[in-house]
Amino acid sequence: MEGRRRVTYKVNRNVLDEGDLDEMGEKSLTKPSLLDKIKDSASCTGPKVKNCMLGTFPVASWLPRYAFRENALGDLVSGISVGIMQLPQGMAYALLASVPPVFGLYSSFYPVLIYFIFGTSKHISIGTYAVMSVMIGGVVDRLAPDSDFEFWNNVTNNSDIDFASRDQERVRIAVAVTFISGLFQILLGLVQFGFVVTYLSEPLVRGYTTGAAIHVIVSQLKYAFGLNPKRYSGPISLIYTVVEICYLLPKTNIGTLVVSIVSIVALILAKELNAFLSKKLPVPLPMELLAVIIATVVSWQVDLEERYGVDVVGTIPSGLQPPALPAMSLFGQVVGDAFALAVVGYGIAISLGRIFALKYGYKVDSNQELIALGLSNSIGGMFQCFAISCSMSRSLVQESTGGKTQIAGALSAVVILFITLWIGSLFEDLPKAVLAAIIFVNLHGMMKQFLDIPALWKSNKVDMLVWVATFILTVLLNPDLGLAAAIAFSMLTVIFRTQLPKYSLLGQVASTDIYKPVEDYDKAKQVPGILIFRSSATLYFANAEMYQEALGEKSGLDITKMLLIKKKLEAKRKRHEKKLAKKAKKELKKNKQEEPNSEHQQGIAVIDVDNDPDSSLPRAIILDLSPVNFLDTVGVKTIKSIRRDYGEINIEVILACCQSGVVESLQAGGFFSSNVTKSCLFNSIHDAVLYCQSEKSKISFSVQGLFFFFSSIFFPCVLLASQELKETNF
């Protein structure tokens with residue numbers, strides 16, 4: 001503190017209210033009309049067309065300026081590394097989506113090329129993602145359960161499943177939900193709805209992905225143990241599935257279990273080795289690919305499927321599927337799931353994209369990202385792909401291996417294309433247990449997110465509550481309903497925080513124009529005769545009543561009771577005057593005299609009151625509205641009510657630090673009139689305090705107001721005096 005350079009300043013100016021400031025600053029009163037805005041946005045100029053084209057096709061803006069020497073080698077190495085990583089992940093995540101593994105390869109090819117053209121992030125790796133896959137798997141298994149494809153086998157005298165028909169129907173469902181989710185994303189991007197991601201806070205996203213990871217793990221247990229449990233859907237289905245698997249554990253296929261354990265242990269050791277050698281190796285070793293190759297060779301040589309009953313991938317057709325429109329008859333059944341997929345996929349992609357953009361100093365367009373992901377899903381859906389997003393593990397590999405542009409993603413798609421066209425059939429003997437092991441090991445990063453709970457407990461308990469609630473809701477209600485419930489809960493926490501703000505009385509820090517809460521700063525002292533009140537939240541219908549109550553509590557004035565006493569005294573005074581007038585009229589009629597003039601009224605009792613007001617009451621109340629960023633009609637009425645009520649007991653109410661939108665709301669709400677002008681609004685608290693302390697702000701107390709002060713404080717005495725007046729014969 002001693003070594004800090006201090007800069008002093010002095011301000012010498014008049015106290016300025018809002019009206020003075022508008023005049024001095026020459027506030028513009030003309031605003032463009034809605035028609036002018038529409039004309040401006042609809043006008044077509046050369047620069048606008050160019051910006052629109054470059055915004056729609058971002059590849060046209062950066063590809064011509066691609067720095068070949070600086071970026072080519074890094075993008076090449078990164079693209080090959082990510083492509084090799086896409087192979088086992090794409091096949092594994094296809095199992096999560098309950099479709100044949102080859103469709104995971106399709107989903108790692110088409111969407112990546114489309115994002116290359118329309119996307120704005122340079123580092124995220126688009127493709128299959130565990131959370132998205134398990135959400136699709138839930139929809140697919142709900143609409144096409146195994147029970148719908150059972151038939152009686154006369155040879156074995158058992159019920160079998162028509163796997164070919166089942167897989168065909170499941171692909172149709174996955175394609176339909178993917179296509180609709182893409183259309184949702186395109187529509188939201190076109191209407192500039194990218195801000196929807198602001199409702200997906202980081203604690204919500206991390207809690208959601210952790211809960212979804214639990215669903216992923218449970219869904220792969222059947223492949224790890226070689227079981228065939230019933231498929232449950234709807235809320236609490238995860239619990240039913242776990243119970244079912246525990247019930248079937250005695251029927252575990254030992255060969256499958258051994259393959260799973262060996263694969264998991266080998267992958268964990270390989271990843272630890274990779275981490276240990278990360279500084280010495282230019283490119284991480286493709287351990288997952290090695291695991292897939294070794295497991296395929298062993299399975300082929302040992303014939304694991306025939307000898308030990310180990311479930312394998314099966315037929316992988318070579319080549320690509322021709323484009324076809326999804327089945328429109330399914331749209332009505334999957335529209336809700338599609339919207340959830342659209343929001344989740346976008347939220348994960350934009351969150352990770354912004355992290356890399358902040359790190360490397362470029363901008364990610366949130367609305368264009370919606371369009372890019374939407375085109376990737378909708379066009380990909382026509383080529384038999386299921387919904388995609390970005391993977392954190394692949395994105396980190398793409399960055400760490402030197403990837404600097406979207407070229408790396410395009411090269412990874414080329415690697416997948418090569419595998420799909422020529423060598424995909426070589427992996428037909430790959431055990432599904434190995435793919436499940438790859439999923440288990442890849443989810444260890446999500447499991448580490450449980451460490452968020454103690455960290456959030458220390459930093460922000462409300463965010464911790466959002467994380468925990470999101471996790472529980474996702475686990476219990478499944479990823480689709482869980483997301484909606486989590487967003488609703490997150491919104492409730494915002495409402496509760498605005499409904500329960502912190503109310504403070506401000507005091508002046510000595511020898512400054514700075515005002516701080518007196519309960520937080522020992523050197524902040526209240527200005528004598530002036531009450532400065534602040535709420536930490538905006539003022540709107542949900543907390544307007546509490547705002548008034550908090551003001552009364554902080555000021556120590558029960559305004560409702562005081563106004564009630566005043567009304568009673570006014571009514572009593574009028575009744576007393578009416579009684580005296582009637583009595584005087586009777587006397588005049590009796591004595592046949594004219595109407596009495598002022599000389600005949602000298603017998604009326606008059607209560608003398610001290611000309612000084614009660615010193616325990618504040619002279620003025622200043623409402624600091626700096627935290628208020630908008631006012632609704634209820635908020636405007638609340639401020640009008642406060643000014644009117646306190647004005648009736650001769651306490652002036654001043655508004656300070658009003659934002660321009662708040663002033664406009666006050667004006668539109670009828671706050672200002674011939675008696676209430678902008679002279680009660682000030683741009684700073686200090687100006688308002690100086691105004692209240694000046695001669696201009698002194699309150700002229702009427703006889704009626706003084707009578708009220710006296711009577712409200714000495715009410716018992718007034719009652720006694722009133723009783724005596726009733727018994728007096730004037």
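Select aspartate 520 to begin: this residue is partly exposed, with a relative accessible area of 43%; by the rule applied, buried means under 20% relative accessible area, exposed over 50%, and partly exposed in between (1.4 Å probe, protein chains only). The model is predicted, so local features need pLDDT of at least 70 and side-chain atom pairs count only at pLDDT 80 or more, whereas totals for chains, interfaces and linings use all residues. Residues are numbered from 1 along each chain as its sequence is written, and side-chain values use heavy atoms, with hydrogens and water left out.

**Salt bridges**

Lysine 502 forms a salt bridge with aspartate 520, with 3.0 Å between the closest N and O atoms; a salt bridge is a side-chain nitrogen of Lys or Arg within 4 Å of a carboxyl oxygen of Asp or Glu. Lysine 502 lies in the loop between α22 and β5 (503-509), and aspartate 520 in the loop between β6 (515-517) and β7 (524-525), so the pair ties together parts that are 18 residues apart in sequence. Helices (H or I, at least four residues) and strands (E, at least two) are DSSP runs, numbered from the N terminus. Lysine 502 counts as partly exposed, at 42% relative accessibility. Side chains of opposite charge can pair when their charged atoms come close.

Next, select aspartate 337 and arginine 142, whose side chains meet in a salt bridge (3.0 Å, N to O). This pair links distant parts of the chain, 195 residues apart: aspartate 337 belongs to helix α15 (residues 331-360) and arginine 142 to helix α8 (residues 130-143). Aspartate 337 counts as buried at 9% relative accessibility, whereas arginine 142 counts as partly exposed at 33%.

Move on to glutamate 288 and lysine 271, where the salt bridge is 3.9 Å from N to O. Glutamate 288 lies in helix α13 (residues 287-302) and lysine 271 in helix α12 (residues 254-276), so the pair ties together parts that are 17 residues apart in sequence. Glutamate 288 is buried, with a relative accessible area of 7%; lysine 271 is partly exposed, with a value of 28%.

For a linked set, select Asp141, Asp146, Arg166, Asp167 and Arg170, which form a network of salt bridges. By the same rule, the count comes to 15 salt bridges.

Centre the view on asparagine 367, in helix α16 (residues 366-382). Asparagine 367 is buried, with a relative accessible area of 14%. Which residues does asparagine 367 touch, not counting residues up to four places away in sequence? They are Gly189, Gln192, Phe193 and Gly194, where contact means heavy atoms within 4.5 Å. Display leucine 188 as well: the C-alpha atoms of asparagine 367 and leucine 188 are separated by 7.8 Å, although the two residues are 179 residues apart along the chain.

Then go to glutamate 18, in helix α1 (residues 18-24). Glutamate 18 counts as buried, at 8% relative accessibility. Leaving aside neighbours within four places in sequence, glutamate 18 is in contact with Val663, Lys678, Leu681, Phe682 and Asn683.

**A nonpolar surface patch**

Select Ile236, Ile239, Tyr240, Val243, Ile472 and Leu476, which form a nonpolar patch on the surface with about 500 Å² of accessible area together. Patches are made of residues with over 30% relative accessible area and no salt bridge, with like charges joined within 9 Å and nonpolar side chains (Val, Leu, Ile, Met, Phe, Trp, Tyr) within 5 Å. Accessible areas come from the Shrake-Rupley method with a 1.4 Å probe; for residues, only the protein chains shown count as cover. Helices α11 (237-248) and α22 (461-499) each supply at least two residues of the patch, and α11 gives the most, with 3 residues. Leucine 476, in helix α22, counts as partly exposed at 32% relative accessibility.

**The largest cavity**

Select Val112, Tyr115, Phe116, Ser121, Lys122, Ile124, Ser125, Ile126, Gln398, Gln406, Gly409 and Ala410, the lining of the largest cavity. The elements giving two or more residues to this lining are α7 (110-118), β1 (125-127) and α18 (407-423). The largest share, 3 residues, comes from α7. On a 1 Å grid over the protein atoms alone, a cavity is a set of points where a 1.4 Å probe fits but cannot get out; lining residues have an atom within 4 Å of a point. The volume of the largest cavity is about 80 Å³. Grid points are joined across faces, edges and corners, and a volume is the space filled by probe spheres set on the points.

**The whole chain**

Of its 730 residues, 46% count as buried.

Note on methods
1 Å grid on protein atoms, 1.4 Å probe; cavity = no way out; pocket = protein on both sides within 12 Å on 5 of 7 lines; lining within 4 Å.
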